[in-house]
Amino acid sequence: MSEIAIELNNVWKIFGTRAEEALKAVQSSSLSKAEMLSEFNCVLGVANANMQIEAGEIFCVMGLSGSGKSTLVRHINRLLEPTAGSIHVNGVDVMAMNPQELRNYRNANIAMVFQNFGLMPHRSVLDNIAMPLEIRGISKNQRLEAAERCIELVELGGWGNKFAHELSGGMQQRVGLARALASDPEILLMDEPFSALDPLIRRQLQNQFMQLAAQMKKTTVFITHDLDEAVRIGAHIAIMRDGAVVQIGTPEEIVMHPADDYVADFVAGISRLKVVRAHAVMQPIEAITAWFSIGGCGRICQRYASWAVDHSGDQQRYTLGDYPRWSACWCRDPK
Ligand SMILES: Nc1ncnc2c1ncn2[C@@H]1O[C@H](COP(=O)(O)OP(=O)(O)OP(=O)(O)O)[C@@H](O)[C@H]1O
Ligand SMILES: [Mg+2]
């Protein structure tokens, strides 16, 4: 079974001075978000959210504006404290950390990428990327070395000495990603990182990010209001409405079996064929080997399978569309 990196249990977040009172009321009756506002002058941010995020996966949080995505995710690095509920990261209770432990946890384990880039406009690109290391007290040489490494990862080599404000939006967002990666965090929180960008640049960045994510295997919580983006990049997707998590599932579970009309409305714009091709047809490599073995060509297929593993790092999922590549490999070296 996969290791759970992040676990949220019964998390409630209510904004307002009468939050405790409003919590009691909402827990004992079905008070809507609008009723909570009118009766208690409190805003329901997150309503009894539960989720488990596996180590190394990209987990998308999706929903309309105001549904509680940012509020929920900000609990993971304790930028917000829950009105009720618990948050565990790698088994550690985030709410039990003292100020020093919390500082260490934020510096060493977790980084955030924001929708509006959050760069210092009059600092150079390299200085921006090196900032988290500066905060950690790392020497100038070491942090610039790390920044140079990360700038190459996001393919911005040569731009390091420009000011951040001299770069386009897409480039600035890549700087934001490089800055998040500079501290080599275990967990990346990405709050609608690509939504300010035009569709073409956005798709390029999604592709680049997916390649990076496959190499680095960081646990990533990725907020988006675009189901198409969530389906492309997420291993699991949580859909939020009015603070509540209404469905969690793999892309194909969400698209093929939407839990209610709200999810079905999002799903209506997604090509089922795309999801089936991209996800449902993906099989663990053992399954594909077994499939060929039944056809009586086990030894050959074992070779294809091991070649596929060798040529893909640890990515253990293949589409049947990979078959031509395996065949090509066998034809070149048919021992
Ligand atoms: N600091 C705050 N004080 C009071 N209410 C807040 C605060 N932050 C968020 N809220 C409320 O919590 C609810 C959820 O907001 P949140 O920012 O999490 O939504 P979101 O899904 O991230 O939306 P968007 O897609 O627009 O970023 C909203 O009703 C918002 O008004
Ligand atoms: Mg938000």
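Author: Strands are DSSP runs of E with at least two residues, helices are DSSP runs of H or I with at least four residues, and both are numbered from the N terminus; two strands pair if DSSP finds at least two bridges between them. This is a predicted model, in which local features need pLDDT of at least 70, side-chain atom pairs count only at pLDDT 80 or more, and totals for chains, interfaces and linings use all residues. Residues are numbered from 1 along each chain as its sequence is written, and chains are lettered from A and ligands numbered from 1 in the order in which they are written.

Reader: What makes β4 and β5 a pair?

Author: Pairing asks for at least two bridges, and β4 (residues 84-89) and β5 have 2, in the antiparallel sense, so they count as paired. In β5, D93 is the bridge partner of H88.

Reader: Why are β2 and β5 called edges of their sheet?

Author: The open sheet of 4 strands runs β2-β1-β4-β5 with antiparallel pairing. β2 (43-54) and β5 (92-93) each have a single partner strand, so one side of each lacks a neighbour in the sheet.

Reader: How do you know that β6 pairs with β7?

Author: The two strands run parallel and are joined by 4 bridges, β7 being residues 187-191; M112 has L189 in β7 as its bridge partner. They belong to an open sheet of 6 strands, ordered β6-β7-β8-β3-β9-β10, with mixed pairing. Its edges are β6 (110-113) and β10 (244-249), because each has a single partner strand.
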